[in-house]
Amino acid sequence: MMSIWWRIVRIVAKKELVDGFRDRRALASALAFPLLSPVLVALMFTAIAQDHATPPVLEIPVAGAEHAPGLVSFLETAGAEVVDPPADPETAVAMGDVPLVLVVDTDYTERFREGRPARVAMWVDSSRNANRSAVKRATYLVEAYSSQTALQRLVLRGVDPQLLSPVELAEQDAAGPQQRAANLLEMLVMMAVMAAFLGSMYLAMDSTAGERERRSLEPLLSLPIPRSALVVGKFLAALTFGTLGVILATTTMVVAMDLTPLELLGVRVVLTAPAAFALLGVLLPLVPVAAALQLLVASGATSFKEAQTWLSMTLFVPMMPGMIMTVRPVNPQTWMAAVPGLSQQVLSGKVLRGDGLTAVDVGLAVGSSAALTVLALVALSALFERERILKRG
Amino acid sequence: MIHARTLRKSFGDVVAVHDVSFEAPDGQITGLLGPNGAGKSTTMRMLHGLLVPDTGSVTIDGIDVATDTLAARRTVGVLPDALGLYPRLTAVENVEYYAALHGMPDAEAKARIAALVERLDMGSIAHRRTAGFSQGERMKVALARALVHAPQNILLDEPTNGLDVMSTRAVRAMVRSLRDEGRCVVFSSHIMQEVAALCDHIVVVARGQVVARGTADELVARTGASNLEDAFVALVEPDA
């Protein structure tokens with residue numbers, strides 16, 4: 001009896017896999033996301049890391065430098081390089097040839113000597129994001145020269161310069177590069193968690209709501225086969241797709257982290273081969289839960305469209321722990337390993353920081369996954385035993 | 001042989017089938033004739049246990065469908081009114097899937113499918129994916145799928161719906177040859193001429209009840225009508 005049951009399971013799983021591999025949409029949903037997303041995230045963070053690296057020497061083109069020797073020498077002392085200005089500052093800035101140009105007024109020397117505001121114009125193109133840091137640094141340097149001069153003048157007149165600063169604003173940036181890198185890891189894990197769901201999503205939908213919509217479910221249910229075997233066969237096919245998705249996502253994730261200059265963000269990430277496998281091991285228990293739950297949700301929907309709506313909502317559930325942890329990190333607690341989704345987020349963090357996993361962690365992750373999967377499959381079998389399963393919306 | 005006794009089925013407040021009893025013997029084509037919504041499809045679904053009747057019972061070759069559903073179904077080939085195929089599988093792959101689910105060994109399935117492809121004249125479409133098949137081509141694949149395990153009992157729910165003349169003829173020829181092999185065929189239709197041309201024995205169903213049974217000639221004689229169409233109308237709409 002059991003051998004017949006298993007034979008049906010294998011036949012159904014094989015057919016759904018052949019069908020799935022011929023389905024471009026199923027393949028795209030299983031493969032495209034895990035292949036592309038970690039690479040995108042890595043690119044994003046490479047850019048951030050490079051911003052944090054030692055900035056290049058700032059070149060400041062100054063027109064009329066001869067009128068303001070004090071300013072020029074201040075800029076050069078501060079590490080900037082004063083260069084010859086372009087012939088037409090406005091065009092040069094608008095074309096993006098130079099990030100900015102300082103133009104010293106011809107009456108600068110006279111006004112400076114008389115203690116009146118001496119004018120320096122700065123040409124910028126505010127639509128160019130890439131120049132923002134250069135503009136910010138140049139602005140800061142000119143303002144620093146201005147404050148320094150003001151200070152000297154006050155001291156010469158015997159005024160306490162502290163009178164100029166009734167309030168001192170001290171900006172302190174809590175989001176250091178370390179926090180940003182931790183965010184990167186959490187985002188990557190979140191994407192792998194999504195890959196577990198996306199991998200089996202389309203197949204789960206097509207083999208249940210899709211089967212009903214194309215009206216092939218009725219003849220199938222008229223066959224002399226146990227419906228539990230039918231359900232488990234469909235589950236195994238969805239499981240295969242989900243597993244493929246997660247293996248791909250983990251691989252691209254490890255490669256992406258390898259390519260990201262994490263050391264520039266001041267983070268130590270353990271990326272040994274055992275760690276990569278541990279990461280995969282942490283993610284895999286989520287796959288059967290994702291496959292079984294998505295089959296259950298899709299089977300409950302009355303149409304393919306409705307199944308799509310429900311499943312895209314289901315997708316947010318496992319992502320929630322990751323999103324919350326990106327905004328507000330929590331300290332890992334033992335029980336968290338037993339909540340699929342949260343478990344992946346917490347345990348991958350442990351693996352990536354180089355802390356080992358305990359037997360309790362692994363037991364909770366695998367045990368809760370197995371329990372939830374079996375529960376979903378029992379519910380799915382019960383759903384398939386009902387006459388209502390044939391009813392189309 | 002299929003034996004249905006006092007079948008009744010309701011969905012919520014709607015009673016789809018009130019009281020249907022009939023016998024479909026081997027070597028005969030039994031026609032279930034009735035207008036749309038008479039309860040034919042619901043009855044057909046109860047015959048092989050896809051729907052469980054509220055009251056009454058069905059036996060197939062002496063096996064009770066309610067208590068031993070899977071054993072009863074092994075002797076039945078079903079062509080539901082839905083001809084859903086798998087569009088990414090070829091015609092033959094669609095049929096092979098069902099052969100495998102029936103537990104047929106590969107070699108036996110291959111030989112049987114080759115014979116059906118020949119018999120249903122499916123040679124040109126056998127190895128094409130079924131996406132975009134015409135209604136007639138879909139019907140042939142669905143028929144092959146229903147017959148792949150050489151069932152003794154065959155349930156055909158409106159099999160000629162939407163078919164052109166050539167396809168209709170092919171289906172009729174197939175149904176007759178199944179009868180001549182000694183199989184039990186139950187054929188439902190709302191088209192009287194079709195049932196009259198094909199069936200040995202007609203069960204007229206209206207408003208979920210059997211209103212008459214007999215051969216086409218007997219039905220005409222019983223109602224005193226001059227032709228079969230008038231007889232049918234007299235039977236399903238007695239007050240008209």
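Modeller: Start with H3(B), a mostly covered helix: 11 of its 11 residues are buried. Buried means 20 or more other C-beta atoms within 10 Å of the residue's own, exposed means 12 or fewer, and partly exposed lies in between, with C-beta atoms placed from the backbone. Helices are DSSP runs of H or I with at least four residues, strands are runs of E with at least two, and both are numbered from the N terminus. This is a predicted model, where local features need pLDDT of at least 70, side-chain atom pairs count only at pLDDT 80 or more, and totals for chains, interfaces and linings use all residues. Residues are numbered from 1 along each chain as its sequence is written, while chains are lettered from A and ligands numbered from 1 in the order in which they are written.

Colleague: What do the buried residues of H3(B) pack against?

Modeller: First, the cut-off: two residues are in contact if their C-beta atoms, placed from the backbone, lie within 7 Å. The buried residues of H3(B) pack against H1 of chain A, and against H4 and helix H5 (135-147) of chain B. Charged Glu93(B) and Glu96(B) are among the buried ones. After H3(B) comes Gly103(B), with a positive phi near 80°.

Colleague: How do I read a helix pair, and at what angle do H3(B) and H4(B) cross?

Modeller: Two packed helices are described by the angle between their axes and the distance between the axes. Axes are lines fitted to C-alpha atoms, for helices over the stretch in contact, and angles run from 0 to 180 degrees between N-to-C directions. For H3 (residues 91-101) and H4 (residues 106-119) of chain B, the axes come within 10 Å and cross at roughly 135°. The pair is therefore oblique. The classes are: under 35 degrees roughly parallel, over 145 roughly antiparallel, 65 to 115 roughly perpendicular, the rest oblique.

Colleague: Which residues make that contact?

Modeller: H3(B) contributes Val92(B), Val95(B), Glu96(B), Ala99(B) and Ala100(B), and H4(B) contributes Ala109(B), Arg112(B) and Ile113(B). Six are nonpolar, none polar and two charged. Here Ala, Val, Leu, Ile, Met, Phe, Trp, Tyr, Cys and Pro count as nonpolar, Asp, Glu, Lys and Arg as charged, and the others, Gly among them, as polar.

Colleague: Now chain A. What is the angle between H10(A) and H14(A)?

Modeller: About 170°, with the axes of H10 (residues 273-283) and H14 (residues 342-352) 9 Å apart. These two helices are therefore roughly antiparallel. Among the contact residues are Leu279(A) of H10(A) and Leu347(A) of H14(A). The contact divides into seven nonpolar, two polar and no charged residues.

Colleague: How many residues does each chain bring to the contact between them?

Modeller: Chain A brings 17 and chain B brings 19. On the chain A side, H1(A) gives the most, four residues. That side holds seven nonpolar, two polar and eight charged residues.

Colleague: What is the radius of gyration of chain A?

Modeller: The radius is taken over C-alpha atoms, and the globule rule is 2.2 Å times the number of residues to the power 0.38. Chain A has 15 helices and four strands. Its radius is 31 Å, well over the 21 Å that the rule gives for 393 residues, so chain A is more spread out than a compact globule. The C-alpha trace spans about 105 × 45 × 35 Å along its principal axes.

Colleague: Is Leu43(A) buried or exposed?

Modeller: Exposed, because Leu43(A) has 12 C-beta neighbours inside 10 Å. Leu43(A) sits in H2 (residues 24-52) of chain A.
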